[in-house]
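Subject: Structure for your review

Dear colleague,

Please find the structure below, followed by an account of what was found in it.

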Amino acid sequence: MPKINVLEKNVAELIAAGEVVERPASVIKELVENAIDAGSTRITVEIQRGGVAYMRITDNGCGISAADVPLAFLRHATSKIKNAEDLDGIATLGFRGEALAATCAVARVELLTKTAEEEVGTHFGIEGGQQTFCEESGCPDGTTIIVRELFYNTPARMKFLKKDVSEGNAVAAVLDRVALSHPEIAFKLIRDGKPTLNTPGDGKLESAVYSVLGREFAKSVLPVSGESGGISVAGVTVRPISCRQARSHQFVFLNGRFVHSGTVTAAVEQAYKNSAMIGKFPAFVLNVSVPYGAVDVNVHPAKTEVRFSDERRIFDAVYYAIKNALAGGDTRPVLEVASKHKPAAFSNISVQEYRQEVLKTTPSVPAAQPVQSVTRPVTPPPVTAAPPQRLQDDGIPYFMRKDIMIERDLLTEKPSATPPAEETKPVEEKTPIEPPAPVPPTPTEPEIPLVEEEPVRVAREAFKAYIIAEKGDSIYLIDKHAAHERILFEEMKKNRTVEVQNLLTPVRVRLGREEYDAVLSSIELLQDAGFETEDFGNGTVLVRAIPAPLAGTDVVAVLQEVADSLLVRGSVQVERLDRIYHTVACKAATKAGYHSADGELLTLAKRILADRDIMYCPHGRPVAFEIRKSDLEKYFGRIQ
């Protein structure tokens, strides 16, 4: 057996330093957190060559007294805790007393510090864990730490560092996180002599978000605030339309400390379900505050991994805070019309100059074809143009029936062209009762104007897929399939019941082994969703009834898709039922490429524009975009 050796002090310190200091960003994180714990309101970080050659951290905190300076560089020397009981309520970012000890073991370090009570400061030097000098020095209150030649005495560690630009980006990422978690502190980062980050330190999260993540991100956020069971959640999250392709802009802070938390991330993404587009992820900055005794931060040397005493409480608090933020703050997306063809001095140029300006930016096009006048009367489409599976026997589209709460009398709106008299007569018979005329006010009472809902007018259907509607001072482009799909989905979720359509001939559906088992174990769930199925043996099920909205669709394809949705594991019953509703709504909704009757378009437009909660289809795609009249007038030069 090999002989057991007791390592020398310098070797042990090098090994211990490796647990805390991996790269320049590790040093910056530890020392900036110490500056925050010292009560600083201004922190400046300067690096050269990504921090490998030079790092300087300056703060205006409480400083270190001259007597404590040599002790600050010893391992496990800290002012944050005194005994084991203090570990149950850690309220500071640093507490182990390893940051300075680990850094000076692998670099040349200088410290310049002064407290408010002392007349002069202290200048202290240490290299490789060995003190080189200690002297009095004039300096302002606070602390400045200079770190040079990181890993100068451990060349094996040096070769694992990345390029200077990559190491510098890692340092910038650390500063981004601490700036977002402490908007009350003004942070400044200088890379190779150039300022790259400067936050105001005004205590407003919005200001920090603007400085760190940029103007476009700041414009897309919604405020988040909530409290449940002693757990508070505050911060910002983006609108569903602004979700991103990756999770790179997800920041979770626990009591002001940046952490990686699968619980918080899962709660946020669950709250965005059926609002965010599939394959995209929400971006957010959240600070979760919990009682200090309910979380263990002492599970990872970098303190980025934590353990909660009650994961469920954390999940619920975050989930409902995000849900409330989306319900209360999200608005329909607006398309801003960019006036890229309009010169800067539009009103002060000649016609010839304007034409030349337009020709510079307008791509060449083929010879113009004859254009039909927009004032020409439009022949109404024939009644048979609408898909037969979309209509009942009385000609009313399914989504306009009473059982899903859409008014049938909306079809009585005047169409763009007057239909023949024999076509309008049945509608007149269905609505023979005229509404009573409003009673005028008495002469002795002042007349109070009635506030009515702004009328909706459908201008046209574009590409047999998009409704062009006008309401107030805005034009709305509505995706008719996404709109109809969301309406059906919401109504099924609300009522938790679906009208059933019995099939004249049962349909046999062959499934894969896993799908087959999933269907047989979910017979009752499928029945709640409107499917009547039974086992036909050998991987085949028999379908005797389907949800009424699916009348006329491919039963085999629908059931196969429903079976796939049942394979998702770890979901509660309600979520599994919602996935079935989602499939039914998608298959039953009116499709792009089909011509829709004017009344159907008008009904969809009115329903969508009257309900601000219907802004995304169950896949997360936007249902409608708004174009403001003022933007169009700016584009065409009517207003400046």
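Cys-139 counts as buried, at 17% relative accessibility; here buried means under 20% relative accessible area, exposed over 50%, and partly exposed in between, with a 1.4 Å probe and protein chains only. Cys-104 is buried as well, with a relative accessible area of 2%. A search of the whole structure finds 0 disulfides, a disulfide being a pair of cysteine sulfur atoms within 2.5 Å.

Please note that this is a predicted model, in which local features need pLDDT of at least 70 and side-chain atom pairs count only at pLDDT 80 or more, while totals for chains, interfaces and linings use all residues. Residues are numbered from 1 along each chain as its sequence is written, and side-chain values use heavy atoms, with hydrogens and water left out.

Regarding the chain overall, 42% of its 640 residues count as buried. The chain contains 19 helices and 22 strands; these are DSSP runs numbered from the N terminus, helices being H or I with at least four residues and strands E with at least two. Among contacts in the chain with a separation of 6 or more, 69% are between residues 24 or more positions apart, where contact means heavy atoms within 4.5 Å.

Glu-167 is found in helix α6 (residues 164-181) and is buried, with a relative accessible area of 1%. The side chains of Glu-167 and Arg-23 are joined by a polar contact of 2.9 Å. Such a contact is a pair of N or O atoms within 3.5 Å; within protein, one must be able to donate a hydrogen and the other to accept it, and residues adjacent in sequence count only if both atoms are side-chain atoms. Not counting residues up to four places away in sequence, Glu-167 touches Arg-23, Pro-24, Gly-50, Leu-161 and Lys-162.

Glu-30 belongs to helix α2 (residues 24-37) and is buried, at a relative accessible area of 7%. Its C-alpha atom is separated by 8.3 Å from that of Leu-100, 70 residues apart from Glu-30 along the chain.

Turning to the strands, β6 (residues 142-148) has 6 of its 7 residues buried, so it is largely enclosed by the rest of the structure. Strand β2 (residues 54-59) pairs with β6 in the antiparallel sense over 6 bridges, two strands being paired if DSSP finds at least two bridges between them. In this pairing Ile-57 stands opposite Ile-145. Strand β3 (residues 108-114) also pairs with β6 in the antiparallel sense, over 7 bridges, and Arg-108 stands opposite Arg-148 there.

Elsewhere, 5 strands form an open sheet of mixed pairing, in the order β9-β10-β13-β11-β12. β9 (221-228) and β12 (257-259) stand at the edges with a single partner strand each, so one side of each is left without a neighbour in the sheet. Strand β11 (residues 250-254) and β12 pair in the antiparallel sense over 3 bridges, with Leu-254 opposite Arg-257. Helix α9 (residues 262-271) lies across β11 and β13 (284-289), running at about 125 degrees to β13; axes are lines fitted to C-alpha atoms, for helices over the stretch in contact, and angles run from 0 to 180 degrees between N-to-C directions.

Yours sincerely
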